[in-house]
Amino acid sequence: MPQRGTAAFVQRGSGMSTDVSLGLLWGAATHQGARRTLNEDAYLASGSVFFVADGMGGHDAGEVASAAAVEALRPLLDSDVVGADAVRCRLRTAHDAVRAIETTPGRGAGTTLTGVVLTGQSGEPYWLVVNLGDSRTYRLADGELEQVSVDHSEVQELVDAGRITRAQAATHPRRHVVTRALGAPEDPDADFWFLPVHAGDRLLVCSDGLTGELTDERIEQVLLAEADPQVAADRLTHEALTAGGRDNITVIVVDATGLTGALESTAPRDGRGRHEDDEDTVPRRSPWKGALS
């Protein structure tokens with residue numbers, strides 16, 4: 001069964017304040033995949049907080065790293081509306097927790113992190129999308145799927161430089177080498193985006209175990225075909241497993257429901273602001289060289 005949550009906002013304008021109720025409906029699924037004996041993914045899906053972490057460092061660290069990151073973010077569940085400063089604070093805590101993990105000499109623990117929290121701007125609801133690494137957050141709006149997050153990976157840098165195409169990136173031998181992650185020697189440098197919430201928005205948060213098996217076009221088709229977010233999450237996970245399941249697979253689907261008509265004009269639909277053969281995710285820099293997710 002899908003999980004439900006609600007949040008209340010106060011919309012201000014023309015000297016008046018109006019209470020606005022926003023409902024969230026979500027489903028989540030995870031699987032170790034067809035080739036793995038351990039699931040090094042972890043996720044947090046509750047209240048207004050939705051994150052997926054994909055651990056790196058092999059069996060001695062990957063599972064521990066993703067779990068540590070998720071636990072460090074768990075205090076965010078205490079608030080219906082989470083502020084960006086609170087997210088930054090918890091990211092620092094998560095980074096320190098991952099850095100403290102003891103691993104085999106020469107190998108460091110790390111984890112990607114991507115997700116969305118419900119926040120507010122001037123009393124109006126916004127999605128705050130956060131990303132480190134190559135797990136992904138998407139938004140389905142007006143029948144079209146858009147990747148909101150930008151992969152922090154070597155192949156994405158090659159695509160941005162025009163040296164390879166997106167199609168070539170899907171099979172490039174360095175496609176699982178990430179350039180940012182929690183637990184890296186550098187301080188966490190997460191991307192943040194604020195997206196206005198609209199009725200009918202559907203958010204997808206997933207590890208690369210999904211996107212490594214299914215194209216964006218197929219993911220879009222499933223999200224459009226399945227109205228229930230739990231059914232959609234289960235189906236996407238099953239299809240990725242059937243397609244090969246070479247990595248751990250984690251999927252969260254979040255729907256915005258219950259918005260009043262007053263919120264339909266809060267911002268343009270396309271408004272998006274940036275605020276500041278084993279399928280393994282591998283960190284680029286030492287001391288993680290050779291670490292597996």
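This is a predicted model: local features need pLDDT of at least 70, side-chain atom pairs count only at pLDDT 80 or more; totals for chains, interfaces and linings use all residues.

Entry 1, a loop residue. I looked up Ala181 and found it buried, with a relative accessible area of 3%. Buried means under 20% relative accessible area, exposed means over 50%, and partly exposed lies in between, using a 1.4 Å probe and protein chains only. Ala181 sits in the loop between strand E9 (177-178) and strand E10 (191-196). I then checked Thr112: Ala181 and Thr112 are 69 residues apart in sequence, yet 5.0 Å apart in space, C-alpha to C-alpha.

Residues are numbered from 1 along each chain as its sequence is written, and side-chain values use heavy atoms, with hydrogens and water left out. Helices (H or I, at least four residues) and strands (E, at least two) are DSSP runs, numbered from the N terminus.

Helix H1 (residues 62-73) packs on helix H2 (residues 84-99) at about 150°, and their axes are 8 Å apart. Axes are lines fitted to C-alpha atoms, for helices over the stretch in contact, and angles run from 0 to 180 degrees between N-to-C directions. H1 is therefore roughly antiparallel to H2 (over 145 degrees; under 35 is roughly parallel, 65 to 115 roughly perpendicular, the rest oblique). From H1, the contact (heavy atoms within 4.5 Å) uses Ala65, Ala68, Ala69, Ala72 and Leu73. From H2, Arg90, Leu91, Thr93, Ala94, Ala97 and Val98 take part. I sorted the contact residues of H1 with H2 into 9 nonpolar, 1 polar and 1 charged. Here Ala, Val, Leu, Ile, Met, Phe, Trp, Tyr, Cys and Pro count as nonpolar, Asp, Glu, Lys and Arg as charged, and the others, Gly among them, as polar.

Helix H6 (residues 216-225) meets helix H7 (residues 229-242) at an angle of about 150°, with axes 9 Å apart. H6 is thus roughly antiparallel to H7. Arg218, Ile219, Val222, Leu223 and Ala225 of H6 touch Ala232, Arg235, Leu236 and Glu239 of H7. That contact divides into 6 nonpolar, no polar and 3 charged residues.

Which residues of H6 are buried? I found Ile219, Val222 and Leu223. They lie on the same side of H6, because they cover an arc of only 100° around the axis. What covers them includes strand E7 (136-141), helix H5 (208-211) and H7.

Methods:
The arc is that of the directions from the helix axis to the C-beta atoms.
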